[in-house]
Amino acid sequence: MSVNQFNQVVSTDVEISQPPPDTVSEVAFSPKANFLAASSWDNEDGTKIASGGADKAGRMMDIGTGQTVQIAQHDNAIRCIKFVEAENASPIVATAGWDKMLKYWDLRQQSPIGTVELPERAYAMDCNNPLLVVATAERKVVIFDMTNPTTPFETVESPLKWQTRTVSCFTTKDGYAIGSIEGRVGIQYVDPNMKNKSFSFKCHRDPKAADSPVYSVNSITHHPGYGTFATASNDGSFVFWDKDARQKLNPHINMGGPIVSAAFNGDGKLYAYAIGYDWAQGYKGNLSSIKNTIMLHAVTDQDVKPKAK
């Protein structure tokens with residue numbers, strides 16, 4: 001995609017004030033209010049931000065007091081961090097890292113309350129209690145039933161042939177969508193009686209281009225109301241889909257640069273997406289024309305409502 005194409009930003013989407021100076025790794029909304037962070041939000045009350053990094057530590061910040069405390073520790077970089085407790089339960093944080101470990105942390109204790117050895121380094125993780133899904137290197141996917149969180153329910157191989165980039169649990173909690181660097185999405189059901197409904201499809205490709213470039217699927221996120229989902233890619237676009245009808249709903253292209261992360265807010269009326277260079281093409285692809293920022297898109301029914309059959 002050319003620099004000129006990346007500069008064609010849709011004017012109706014709104015840029016946040018004081019965007020970050022560097023590429024965002026992840027954006028997430030508070031589930032209770034329209035607060036947005038480049039991190040994970042507490043499912044309990046939306047007032048705490050959890051983060052993990054290459055320093056092997058997980059930390060939590062209280063946005064009311066501004067205080068930050070360490071809540072987790074790994075032997076290598078923490079790649080994924082999520083609040084995973086059931087509704088109205090005490091906060092539990094899950095962390096997964098490049099040390100091939102999944103750990104559960106009760107915020108009232110200093111030591112993990114559970115640990116699981118993963119088959120490989122963690123690349124992506126999502127939870128919609130009681131379903132927890134961890135995607136690792138070597139295309140492995142580890143599925144947990146949170147009623148028994150330290151014993152994998154199932155370990156499977158990704159239906160996609162290339163490295164996993166993102167994973168998102170269905171709102172119905174019976175499966176997940178998984179995206180790869182090859183511009184494909186897999187729709188996977190966990191229930192053995194529904195696995196015949198699983199399928200994969202190509203996306204974020206330019207069929208008109210002579211060299212048929214392939215772009216990574218960097219984000220998959222499900223709409224909280226309709227259960228449809230959005231994919232976002234380093235081709236500079238995000239697209240809304242209906243998995244049940246196997247149908248594209250509404251594409252938004254040329255949004256100003258590679259989209260590295262995205263999220264719906266709690267009621268699904270806003271879709272935030274972070275633009276920035278994802279280093280997929282090395283330092284040579286880091287163009288000065290690509291601005292690091294976060295945009296807000298007002299979600300319409302045309303975007304996310306399933307079409308009448």
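This report walks through the overall build of the protein and then visits a handful of its residues.

The model is predicted: local features are described only where pLDDT is at least 70, side-chain atom pairs count only at pLDDT 80 or more, and totals for chains, interfaces and linings use all residues. Residues are numbered from 1 along each chain as its sequence is written, and side-chain values use heavy atoms, with hydrogens and water left out.

**The whole protein**

You will find two helices and 26 strands here; helices (H or I, at least four residues) and strands (E, at least two) are DSSP runs, numbered from the N terminus. The radius of gyration is 19 Å, close to the 19 Å that the globule rule gives for 309 residues, so the protein is as compact as a globular protein of that length. That radius is taken over C-alpha atoms, and the rule is 2.2 Å times the number of residues to the power 0.38. Along the principal axes, the C-alpha trace spans about 55 × 45 × 40 Å.

Of the 309 residues, 49% count as buried. Buried means under 20% relative accessible area, exposed over 50%, and partly exposed in between (1.4 Å probe, protein chains only). A contact means heavy atoms within 4.5 Å; among contacts between residues at least 6 apart in sequence, 43% join residues at least 24 apart.

**Residues to look at**

| Residue | Relative accessible area | Class |
|---|---|---|
| S219 | 4% | buried |
| K56 | 36% | partly exposed |
| H204 | 7% | buried |
| H74 | 2% | buried |
| G186 | 0% | buried |

Start with S219, in strand β20 (residues 217-222). A polar atom of the S219 side chain lies 3.4 Å from the backbone nitrogen of A262. Beyond four places in sequence, S219 is in contact with T166, A230, T231, A232, S261 and A262.

H74 sits in the loop between β7 (68-73) and β8 (78-83). Its side chain makes a polar contact of 2.7 Å with that of T95. Such a contact is a pair of N or O atoms within 3.5 Å; within protein, one must be able to donate a hydrogen and the other to accept it, and residues adjacent in sequence count only if both atoms are side-chain atoms. Leaving out residues up to four places away in sequence, H74 touches several others, including K56, D99 and K103.

K56 itself belongs to the loop between β5 (48-52) and β6 (57-62), and has a positive phi near 75° although it is not glycine. H204, in the loop between β19 (199-202) and β20, also has a positive phi, near 50°, in a residue other than glycine.

G186 lies in strand β18 (residues 184-189). Its C-alpha is 9.1 Å from that of K202, 16 residues away in sequence.

Finally, a cis peptide bond joins N129 and P130, with omega about 15°. P130 lies in the loop between β12 (122-128) and β13 (131-136).
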